[in-house]
Amino acid sequence: MTALELQERKNWALEVLQACDSEEAINSMEALARKLLRLEKKEPKRPNCFTVEEVKEMLRTIKREKEAGVYVSEREMQDFFQSLQ
């Protein structure tokens, strides 16, 4: 979108806002504006962000699997990756 198109859309939004002549319409516009501002401020959650509880649960699972012998040694992983090259 060009700067001119963006400015035209802003002008249109202002015209709509100025055309609101009832308290109900103004209240609706205020609520929408607050919602939009909150959405813009929210930082998207990165895919590798975990809560402390999630990390603790992952560590418990890893510990149980290690004790049960469900793992791959470092040497096995190195051999696997070398076989792919």
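**View 1. Confidence across the predicted model.** Averaged over the protein, pLDDT comes to 86, and 92% of the residues score at least 70. This is a predicted model, so a look at the confidence by element is a handy start. Helix α2 (residues 23–41) is where confidence is lowest, with a mean of 82. At the other end sits α3, where confidence is highest, at 92.

**View 2. Helix α3 and what follows.** Now zoom in on α3, which runs over residues 52–67 and has 16 residues. From its first C-alpha to its last, α3 reaches 23 Å, close to the 22 Å expected at 1.5 Å a residue. Just after α3 comes Gly 69, with a positive phi of about 80°.

**View 3. The largest pocket.** This one has a volume of about 300 Å³. Helix α1 (residues 3–19) gives the largest share of the lining, eight residues. Leu 6, Arg 9, Lys 10, Trp 12, Ala 13, Leu 14, Val 16, Leu 17 and Met 29 make up the lining. By type, that's seven nonpolar, two charged and no polar residues.

**View 4. Phe 80 and Phe 81 as an aromatic pair.** The structure holds one aromatic pair. Its partners are Phe 80 and Phe 81, with ring centres 5.4 Å apart and 65° between the planes. Planes over 60 degrees apart count as edge-to-face, and that is how this pair is classed.

Notes: Residues are numbered from 1 along each chain as its sequence is written. This is a predicted model: local features need pLDDT of at least 70, side-chain atom pairs count only at pLDDT 80 or more; totals for chains, interfaces and linings use all residues. Side-chain values use heavy atoms; hydrogens and water are left out. Helices (H or I, at least four residues) and strands (E, at least two) are DSSP runs, numbered from the N terminus. The expected span of a helix is 1.5 Å times one less than its number of residues. On a 1 Å grid over the protein atoms alone, a cavity is a set of points where a 1.4 Å probe fits but cannot get out, and a pocket is an open set with protein on both sides within 12 Å along at least five of seven lines; lining residues have an atom within 4 Å of a point. Grid points are joined across faces, edges and corners, and a volume is the space filled by probe spheres set on the points. Ala, Val, Leu, Ile, Met, Phe, Trp, Tyr, Cys and Pro count as nonpolar, Asp, Glu, Lys and Arg as charged, and the others, Gly among them, as polar. pLDDT is the predictor's confidence in each residue, from 0 to 100. Rings of Phe, Tyr and Trp (its six-membered ring) pair if their centres lie within 6.5 Å; planes under 30 degrees apart count as stacked, over 60 as edge-to-face and the rest as tilted.
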